[in-house]
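Please read the numbered points with the model in view.

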Amino acid sequence: MATPCIKLHLAAAILFALTLPATMREVAAAEPAVSRDEALSAMRRAGDYYRKVVATHGGYVYFYSLDLERRLGEGVASKDQIWVQPPGTPTVGLAFVEAWRATGDSRYLQAAQAAAEALAYGQVSTGGWTNSIDFDPRGSRVTEYRNGQGRGRRTSSLDDGQTPSALRLLIQVDKELKFRNPIVHDAALFGLDALLRAQYPNGAFPQVWDDTEMPDPPAKPAAFPRYDWRTEGRIKEYWDMYTLNDNVAGYVVQTLRDAYDVYGDERYLAAIRHLGDFLIAAQLPAPQRGWAQQYSYDMVPIWARKFEPPGVSGDETQEVVETLLAIHSITGETKYLEPIPAALDYLKQSLLPDGRLARYYELETNRPLYMERQGDVYSLTYDDSNLPSHYGWKANSRIEHLTAMHAAARQQPASNENSTANSAADNVAPAANEVRKLLETLDAQGRWVSTYAGETLVGQAKFEPGEQYLSSEVFSDNLTTLARYLTSLE
């Protein structure tokens, strides 16, 4: 658990500066100051361009060509399609919320409201969202929307933060509008009720849900399968099973925490605790004290997609540790810290030679497990020399950071009184030189332009090397940085 950032009093800051070596004082003095007016001006230019020129139907996709003719989410998007999955519409909308809170300028609240209302339009009839919204009733990405404007599937998804991120924006905009916008308010509460109904009796969540009745299997702790998982136990509708893939639990906790703080409904806090209890039960037995991506109703790891075998997942284990720390910070209950030491020890023992973690470790042997691909056929392998490029087979280790967070949580148990307090990283004011760079890289039209250098982009988006484009994630990060800088000047 991070400790709050403590600001130095002016006299103490002066004394601290005088004790620095001369060279360090010269560097500090040389750091370019950024005035409040300069930061406000940059925010207005960037915000106005994105909300007036880039937005369609109040929403956004991941990337845009500079002429805005090419729009990319997970694939090419039309001008009637916006993206829900981060870093799409909710990500941009939450950046506008931060700008509104830092400045009190209604243009940012209007932009956030437009994004929230766009999400409300695309709310699925079962209460959640899919990865995108299509405002053309005959479009290629339409689902059965709650407003009656869509057709087809009724599936709501927790995958990659789709429904949770939409709900978080709706909740925050609802709060800022003082619960007076019926479109936003009703969509937020309807979605939260649907999210609570999607929780299994043992506290788990599925990857997706629809309007079919949920089973109620007996609660039990996680175990290794007692069959040959390589050839048996594949479940066709794995998405209905207990899911931790792609940080489902972390996104859900974040959303329920926001809902509890804004609405004060004890059901949201109870659901957080219930999910934490599931995570404790889902920790696999020794010696592999981590977590899998998916579990059957019998609480054994299962296959998901054909390149996602049952196994202990290095990255999902790190995400579960982060989620348990978050649940502890919300509830103050130390039982949510108890699984963490064994999980961290397991991760340390599982590090690859390059210091990273494998996405999958073979059940019981703990050998790093990968896939080879020929056409549409995948085969299991221990060899990492020819990995398919469309998937993250290895993850950076966050073990040291998680160990420090766990130690801090043990020393300073939290309560739920300030559960939405920002982390220390969020409270640290951006450096003036960082802010100055943002101002210098903002072009005359109010754009932060990115240049493609061959890196892997979210949604597998592709540009030609050297091609310039706009990124919703870059815009959101930069607007948020400027907002936090302004707040630090108060």
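1. In this predicted model, the hairpin of β11 and β12 has 2 residues between its strands, and Gly375 takes a positive phi near 65° there. Strand β11 covers residues 370-374 and strand β12 covers residues 377-381; the two run antiparallel and are joined by 5 bridges. Within this pairing, Met371 stands opposite Leu380 of β12. As a general point, side chains in a regular strand alternate between the two faces of the sheet.

2. The overall composition may be stated briefly. The protein chain contains 15 helices and 15 strands. Its C-alpha trace spans about 65 × 60 × 50 Å along the principal axes. For 490 residues, a compact globule would have a radius of gyration near 23 Å, and the protein chain agrees with this because its own value is 23 Å.

3. Of the 490 residues in the protein chain, 50% count as buried. Among contacts with a separation of 6 or more, 69% come from residues 24 or more positions apart.

4. The structure holds 28 aromatic pairs. Phe278 and Tyr295 are both buried.

5. Phe307 and Tyr378 form a tilted pair, 5.3 Å centre to centre and with 45° between the planes. Because Phe307 lies in the loop between β9 and α10 (314-331) and Tyr378 lies in strand β12, the pair ties together parts that are 71 residues apart in sequence. Phe307 has a relative accessible area of 9% and is therefore buried. Tyr378, with a relative accessible area of 15%, is also buried, since the limit for that class is under 20%.

6. Which residues form one aromatic cluster? The members are Tyr50, Tyr60, Tyr64, Phe96, Tyr108, Trp448 and Phe475.

7. Helix α4 (residues 89-103) contains Gly93. At 0% relative accessibility, Gly93 counts as buried. Residues up to four places away in sequence aside, Gly93 touches Ala112, Ala115 and Leu169. The C-alpha atoms of Gly93 and Ala116 are separated by 7.2 Å, although these residues are 23 apart along the chain.

8. Gln199 is a polar residue of interest in the loop between α7 (182-198) and β7 (208-209). Is Gln199 buried or exposed? With a relative accessible area of 11%, Gln199 is buried. A polar atom of the Gln199 side chain lies 3.0 Å from the backbone oxygen of Gly203. Beyond its neighbours within four places in sequence, Gln199 is in contact with Ala204, Phe205, Met214, Ala271, His274 and Leu275.

9. In general, most peptide bonds are trans, and most residues other than glycine have a negative phi. The bond from Pro86 to Pro87 is cis, with omega near 5°, and Pro87 is found in the loop between β4 (81-83) and α4. A cis peptide bond also joins Ala286 and Pro287, with omega about 10°; Pro287 is found in the loop between α9 and β9.

10. Positive phi values also call for a check. Met299 is not a glycine, yet has a positive phi of about 65°. Met299 lies in the loop between β9 and α10 and is buried, its relative accessible area being 1%. Glu364, likewise not a glycine, has a positive phi of about 75°. Glu364 lies in the loop between β10 (357-358) and β11. With a relative accessible area of 46%, Glu364 is partly exposed.

Terms used
Residues numbered from 1 in each chain as written. Predicted model: local features only at pLDDT ≥ 70, side-chain atom pairs only at ≥ 80, totals over all residues. Heavy atoms only, no water. Helix = DSSP H or I, 4+ residues; strand = E, 2+ residues; numbered from the N terminus. Buried < 20%, exposed > 50% of the residue type's maximum accessible area, 1.4 Å probe, protein only. Polar contact = N/O pair within 3.5 Å; in protein donor to acceptor, adjacent residues only side chain to side chain. Contact = heavy atoms within 4.5 Å. Pairing = 2+ DSSP bridges. Rg over C-alpha atoms; globule rule 2.2 N^0.38 Å. Phe/Tyr/Trp six-rings, centres within 6.5 Å; stacked < 30°, edge-to-face > 60°.
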